[in-house]
Amino acid sequence: MKWKGRERSSNVEDRRGMGGKGVAGIGGGLGIIILIVVTLMGGNPADILGGLSDSQGDSQGEYQETAKEKEAADFVSVVLADTEKVWTKEFKQDGMTYKEPTLVLYTDQVSSACGQAGKSVGPFYCPGDQKLYIDLSFYDELQNKYGAPGDFAMAYVIAHEVGHHVQTLLGTSDEIMPLRQKMSEEKFNKYLVRFELQADYYAGVWANHAQGQNLLEEGDLEEALGAANAVGDDTLQKKGQGYVVPESFTHGTSAQRERWFQKGFDNGTIEGGDTFKAKNL
């Protein structure tokens, strides 16, 4: 991706070197939308959707970033700036106003309006404060642990989390998350899958605009699709336990995640991303 020397977002909050305690929680029926780790660790996002955890203040500390970390921080800031432009334009075309989210950089642990989280949670979005959270060490983890190398794979991760912010602004989160209290876990999981696939679709919409601006380089689209494939429920379960349990899926299969990202990339608009009405995922 062509990103060096380009405009960075002003909506980046650097909390690296600060501390946080506890486990990630969810408040107000919304909460943390987890990209990867809960499924990878054998858990279920529905188990986490619950009461708001008490937030404890971070302790101040000095943080000295390496040159590699600075480059990663600059990169995610540029990607965030790109998403701001794309979604501001998309919302305006539909007669709405896009409220830009904040991206929080942290190390090891962090406090959010949704509670506390450690870096094992992976990148996440908290509707309670409308902020994205990421420990930049995930960049290496994405390449080395999940086998999804390349800067555009990381761009996909950021765009996916921004997709959850779009869902919050459009009211989708408010419609879907309360359903957990009204149905079985297995049935609610089916809604979670559609919820996550819609965020993949929105990530594809952003990628479409990036290509329209001639920002993509050879192999970038394949990097994003590779990342989507790497975090499919079936792939993660096969790798983690040797078999799959479809009724426990919460994010979609690798093929579904690739398909909805590609669909967003092909369409380039909000329209066409209603995964909840789709007959076939």
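**View 1. Strands β4 and β5 pair in the antiparallel sense.** In this predicted model, β4 covers residues 109-112 and β5 covers residues 115-118. Four bridges join the two strands; pairing requires at least two DSSP bridges. Two residues lie between β4 and β5, and the strands form a hairpin. S111 stands opposite Q116 in β5. Helices (H or I, at least four residues) and strands (E, at least two) are DSSP runs, numbered from the N terminus.

**View 2. The largest nonpolar core has 60 residues.** Such a core is a set of buried Ala, Val, Leu, Ile, Met, Phe, Trp, Tyr and Cys residues joined through side-chain atoms within 4.5 Å. Buried means under 20% relative accessible area, exposed over 50%, partly exposed in between (1.4 Å probe, protein chains only). F75, W87, M154, Y156 and W206 have the most contacts inside this core. Elements that each supply at least two of its residues include α3 (67-93), α5 (151-170) and α7 (185-212).

**View 3. M154 and its neighbours.** M154 touches F75, V76, I134, F138, Y139 and L142, leaving aside residues up to four places away in sequence. A contact is a pair of heavy atoms within 4.5 Å. Another core, of nine residues, lies apart from the largest one; V104, Y106, F124 and Y133 are among its members.

**View 4. W3 meets F75 edge-to-face.** The whole structure holds 11 aromatic pairs. Rings of Phe, Tyr and Trp (its six-membered ring) pair if their centres lie within 6.5 Å; planes under 30 degrees apart count as stacked, over 60 as edge-to-face and the rest as tilted. Here the centres are 5.4 Å apart and the planes at 75°. W3 sits in the segment before β1 (12-14) and F75 in helix α3, so the pair ties together parts 72 residues apart in sequence. Both W3 and F75 are buried.

**View 5. W87 and Y202 link two helices.** Their ring centres are 5.4 Å apart and their planes at 80°, so this pair is edge-to-face. W87 belongs to α3 and Y202 to α7, parts 115 residues apart in sequence. W87 is buried at 1% relative accessibility, and Y202 is buried at 3%. Ring pairs join W87, F91, Y98, Y201, Y202 and W260 into a cluster.

**Notes.** Residues are numbered from 1 along each chain as its sequence is written, and side-chain values use heavy atoms, without hydrogens or water. Local features need pLDDT of at least 70 and side-chain atom pairs count only at pLDDT 80 or more, while totals for chains, interfaces and linings use all residues.
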